[in-house]
Amino acid sequence: MSKHEANAPAATSAAAAFGESLDYVTVTVGEQLLGLPIGRVHDVFIANHVTTVPRAPSEIVGLLNLRGRVVTAICLRRRLGHPVAATTRYDEACELVAVGIDLGGEAYALIVDAVGEVMRLDQSTFEPVPVHLDASWAALAAGVHRLDERLLVVLDVDAVLKLDLPVAA
């Protein structure tokens, strides 16, 4: 048996284990740990110049320029129904932590309190949205992972970005 044949079962089991894992970019809003599927995240960056959009829904804090591309900035704190601190500023002199996501060819930046680590979790620990989760959060969640000391709420990125915008007459 060659050296490569001896290592083949280990490589196959490693590939199978990778296929059974789910990878998330973790972010926090308030004290809550949230997971964004890593395949949906394009960038993590600091936004330092946001242009407000008149009459936009409160979740849209404005537009920003990311390497020459116009990006719609959405406050995840507001989107989840959390109050925004009085000291939080969404203006030209701000520094906001953002996660870049695309949907349907449009670029979005989710403004979060902090970005954490990338987590690889086993698919077997993924659970459906708990029935007792707040209805506004449940509408934006794809499921949860119970960690040792916390709950990771996995966000449904499409649902988060689906804002009910008024139609102009």
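1. Quick definition to start: two strands count as paired if DSSP finds at least two bridges between them. In this predicted model, strand β5 (residues 69–75) and strand β7 (residues 106–112) have 4 bridges and run in the parallel sense. If you want a spot to look at, find A73, which sits opposite A109 in β7.

2. Now zoom out to the sheet. It is open, with 5 strands in the order β3-β6-β7-β5-β4 and mixed pairing. From one strand to the next, the twist averages 35 degrees.

3. Together with V53 and V70, L63 makes a nonpolar surface patch of about 220 Å². L63 itself is partly exposed, at 32% relative accessibility.

4. On to charges: the whole structure has 6 salt bridges. One of them joins R69 to D102, with the closest N and O atoms 3.4 Å apart. R69 is in strand β5 and D102 in strand β6 (residues 96–103), 33 residues apart.

5. Have a look at R77 and D113 too, a salt bridge whose closest N and O atoms are 2.5 Å apart. R77 belongs to helix α2 (residues 76–79), while D113 lies in the loop between β7 and β8 (114–122). Is R77 buried or exposed? At 18% relative accessible area, R77 is buried, because the cut-off is under 20%. D113, at 35%, is partly exposed.

6. Last one: R146 and E127 form a salt bridge, with 3.0 Å between the closest N and O atoms. R146 is exposed at 60%, whereas E127 is partly exposed at 25%.

Definitions and conventions
Residues are numbered from 1 along each chain as its sequence is written. This is a predicted model: local features need pLDDT of at least 70, side-chain atom pairs count only at pLDDT 80 or more; totals for chains, interfaces and linings use all residues. Side-chain values use heavy atoms; hydrogens and water are left out. Helices (H or I, at least four residues) and strands (E, at least two) are DSSP runs, numbered from the N terminus. Axes are lines fitted to C-alpha atoms, for helices over the stretch in contact, and angles run from 0 to 180 degrees between N-to-C directions. Patches are made of residues with over 30% relative accessible area and no salt bridge: like charges are joined within 9 Å, nonpolar side chains (Val, Leu, Ile, Met, Phe, Trp, Tyr) within 5 Å. Accessible areas come from the Shrake-Rupley method with a 1.4 Å probe; for residues, only the protein chains shown count as cover. A salt bridge is a side-chain nitrogen of Lys or Arg within 4 Å of a carboxyl oxygen of Asp or Glu. Buried means under 20% relative accessible area, exposed over 50%, partly exposed in between (1.4 Å probe, protein chains only).
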